[in-house]
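Keep the model open as you read.

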Amino acid sequence: MKLTKRLLAVTAAVTATVLGLAAAPASAATIETGHLDVLDVDYANGALTLDIRTNSPANDDLSPVGTTLRLPSSSAITVPSGSAWNCLGTAGSTVYVAPQAENTNLLWAGWNTEDVPADQGPIKMELVSVSSVPAGGRFTLYTTNAFGTPTYRLNSNTATGCPISTWPGGISAGTHAHGNWAFSALGTYTLTFKATTQSGSGVASPTVSYTIQVG
């Protein structure tokens with residue numbers, strides 16, 4: 001995983017430990033490759049939090065604040081033909097994807113609810129907002145099965161039948177999975193999410209914004 005400018009975050013974490021304080025997740029300037037769970041949901045002491053979990057080279061919680069996730073222009077794919085793909089984009093158009101299957105040259109991005117007890121799940125995951133510079137960029141999170149058929153989890157595409165602001169059926173507690181994180185154009189995106197337990201305490205996380213640089 002390529003991480004830059006971590007020194008200040010690590011120093012802060014060490015200082016907090018020495019002082020006996022609870023250290024907040026560190027932040028990294030840019031992450032371009034490697035295994036990470038972008039939507040890492042943790043439940044502890046009656047509170048729900050949402051951050052980023054890295055899995056290589058080591059497990060580490062990262063704050064989305066001050067962290068940029070980057071997809072290079074080489075992540076471009078062509079939208080396939082067929083009605084199943086309509087909500088990803090127009091057939092033949094280009095989208096930029098952090099893929100569901102691991103590619104060591106790109107982010108391998110997933111979600112993780114392994115630290116959510118079963119009696120608090122499933123997790124309601126909301127895509128609160130999407131903005132991009134330049135304006136008009138779309139974000140789609142989808143998975144594909146063994147036959148390559150897409151299932152859309154979250155989607156900012158405003159075309160008829162396409163918008164999905166709440167993850168259908170929620171994310172089961174104890175889940176660790178990966179999907180395709182697609183962006184319709186080059187630019188800088190801000191994705192804002194919120195997680196809520198749907199059983200037990202019914203507690204919600206704060207809204208959390210992530211920065212993704214495409215290109």
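Which residues line the largest cavity? They are Val 38, Leu 69, Arg 70, Leu 71, Ala 98, Leu 107, Ala 109, Trp 181, Phe 183 and Ile 212. This is a predicted model: local features need pLDDT of at least 70, side-chain atom pairs count only at pLDDT 80 or more, and totals for chains, interfaces and linings use all residues. Numbering starts from 1 along each chain as its sequence is written, and side-chain values use heavy atoms, with hydrogens and water left out.

A cavity here is a set of points, on a 1 Å grid over the protein atoms alone, where a 1.4 Å probe fits but cannot get out; lining residues have an atom within 4 Å of a point. The search of the whole structure finds 1 cavity of 30 Å³ or more. The largest cavity holds about 80 Å³ of space. Volume is the space filled by probe spheres set on the points, with grid points joined across faces, edges and corners.

The lining has 9 nonpolar residues, no polar ones and 1 charged. Nonpolar covers Ala, Val, Leu, Ile, Met, Phe, Trp, Tyr, Cys and Pro; charged covers Asp, Glu, Lys and Arg; the others, Gly among them, are polar. Strands E5 (68-71), E8 (107-115) and E13 (180-183) each supply at least two lining residues. E5 gives the largest share, 3 residues.

Now the overall build. The protein has 1 helix and 15 strands. These are DSSP runs numbered from the N terminus: helices (H or I) of at least four residues, strands (E) of at least two.

Strands pair if DSSP finds at least two bridges between them. Asp 42 has Thr 49 as its bridge partner in E3.

Another open sheet of 5 strands runs E6-E7-E13-E10-E11, with antiparallel pairing. Its edge strands, E6 (76-78) and E11 (150-155), each pair on one side only. E6 is joined to E7 (residues 94-98) by 3 bridges, and the two run antiparallel. In E7, Val 95 is the bridge partner of Ile 77.

Finally, burial. Of the 215 residues, 44% count as buried, where buried means under 20% relative accessible area with a 1.4 Å probe, protein chains only.

Notes: On a 1 Å grid over the protein atoms alone, a cavity is a set of points where a 1.4 Å probe fits but cannot get out, and a pocket is an open set with protein on both sides within 12 Å along at least five of seven lines; lining residues have an atom within 4 Å of a point. Buried means under 20% relative accessible area, exposed over 50%, partly exposed in between (1.4 Å probe, protein chains only).
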